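Biologist: I would like to learn how to read the features of a model like this one. Can we take them in turn, general idea before case?

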Amino acid sequence: MSPDALNTIVMDLMASVTTMTLATCRQNAPRATDLYFANEKLDLVFFSSMDAEHSRNLSYNQNCSATMHPQVSGWREIKGIRVEGIAHPVDDASLKIRAQDAYLKKFPFAAQFLSPPTPSDQSTSRRAAGVVTLYVLRVSGLTYIDNSLGFGTKYFTPVSDGEFTGIPARNQKS
């Protein structure tokens, strides 16, 4: 599979699903958490509370992985993405603007959480604006799984700066 063909498949899949399962670990205790996500190229952005267990795990160990896939009814239909990389709060102003724009394009309702509440609007959702943090998962490797090509068929490629940096290798990494 060519990098361009894989990029098209991956971008379409990322656009079609709303949640990823983020896997973190601290002191040998793994945790998987479902989160809304958007992508900035191949990097993933998400909002979370700094007090959430996965956020605390990331402050201890930024290495993580995530999966995303559409819901299907049979094993031959399974297609999905697994990524690995490092996740951290976004501190770069330029990336923060791009990442927030990508997130709000996919989830317009999230705007209510991102602007501070006015004195006349003290609803729970508006008060949440002060407690969410924008994170980026900087992807370093991506595996595309496609059982329609045969049980367990995978393509792996390294990623850097949100782009593929190699030719996808079939079944080279699980």
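**Contacts and cores**

Biologist: Leaving aside neighbours within four places in sequence, which residues is Met-14 in contact with?

Modeller: Contact means heavy atoms within 4.5 Å. With those neighbours left out, Met-14 touches Phe-37, Asn-39, Lys-41, Leu-42, Leu-44, Met-68, Ile-81, Lys-106 and Leu-142. Note that this is a predicted model, in which local features need pLDDT of at least 70 and side-chain atom pairs count only at pLDDT 80 or more, while totals for chains, interfaces and linings use all residues. Residues are numbered from 1 along each chain as its sequence is written, and side-chain values use heavy atoms, without hydrogens and water.

Biologist: What share of contacts joins residues at least 24 apart?

Modeller: Among contacts between residues at least 6 apart in sequence, the share is 60%.

Biologist: How many residues does the largest nonpolar core have?

Modeller: In soluble globular proteins, nonpolar side chains tend to be buried together. A nonpolar core is a set of buried Ala, Val, Leu, Ile, Met, Phe, Trp, Tyr and Cys residues joined through side-chain atoms within 4.5 Å; buried means under 20% relative accessible area, exposed over 50%, and partly exposed in between (1.4 Å probe, protein chains only). Here the largest core has 27 residues, with Met-14, Leu-44, Met-68, Ile-81, Leu-137 and Leu-142 making the most contacts inside it. At least two residues each come from helix 1 (3–16) and from strands 1 (19–26), 4 (43–49), 5 (63–68), 6 (79–89), 7 (132–146) and 8 (154–160). Strand 7 contributes the most, five residues. Another core, of 12 residues, lies apart from this one and includes Ala-38, Phe-47, Ala-102 and Val-136. Over the 174 residues of the protein, 38% count as buried.

Biologist: How many helices and strands are there?

Modeller: Both are DSSP runs numbered from the N terminus: helices (H or I, at least four residues) and strands (E, at least two). The protein has five helices and 10 strands.

**The pocket**

Biologist: How much space lies in the largest pocket?

Modeller: On a 1 Å grid over the protein atoms alone, a pocket is an open set of points where a 1.4 Å probe fits, with protein on both sides within 12 Å along at least five of seven lines; lining residues have an atom within 4 Å of a point. The largest pocket holds about 180 Å³, the volume being the space filled by probe spheres set on points joined across faces, edges and corners. It has 13 lining residues, and Phe-47, Tyr-103, Ala-110, Phe-113 and Val-132 are the closest to its centre. Strand 4 gives the most to the lining, four residues.

**Salt bridges**

Biologist: How many salt bridges are there?

Modeller: Side chains of opposite charge can pair when their charged atoms come close. The rule asks for a side-chain nitrogen of Lys or Arg within 4 Å of a carboxyl oxygen of Asp or Glu, and the count comes to four. One of them joins Glu-53 and Arg-31, with the closest N and O atoms 2.4 Å apart. Glu-53 is in helix 2 (residues 53–60) and Arg-31 in strand 2, so this pair ties together parts 22 residues apart in sequence.

Biologist: Is Glu-40, which meets Arg-98 in a salt bridge, buried or exposed?

Modeller: Glu-40 is buried, at 17% relative accessible area, whereas Arg-98 is partly exposed, at 37%. Their N to O distance is 3.0 Å.
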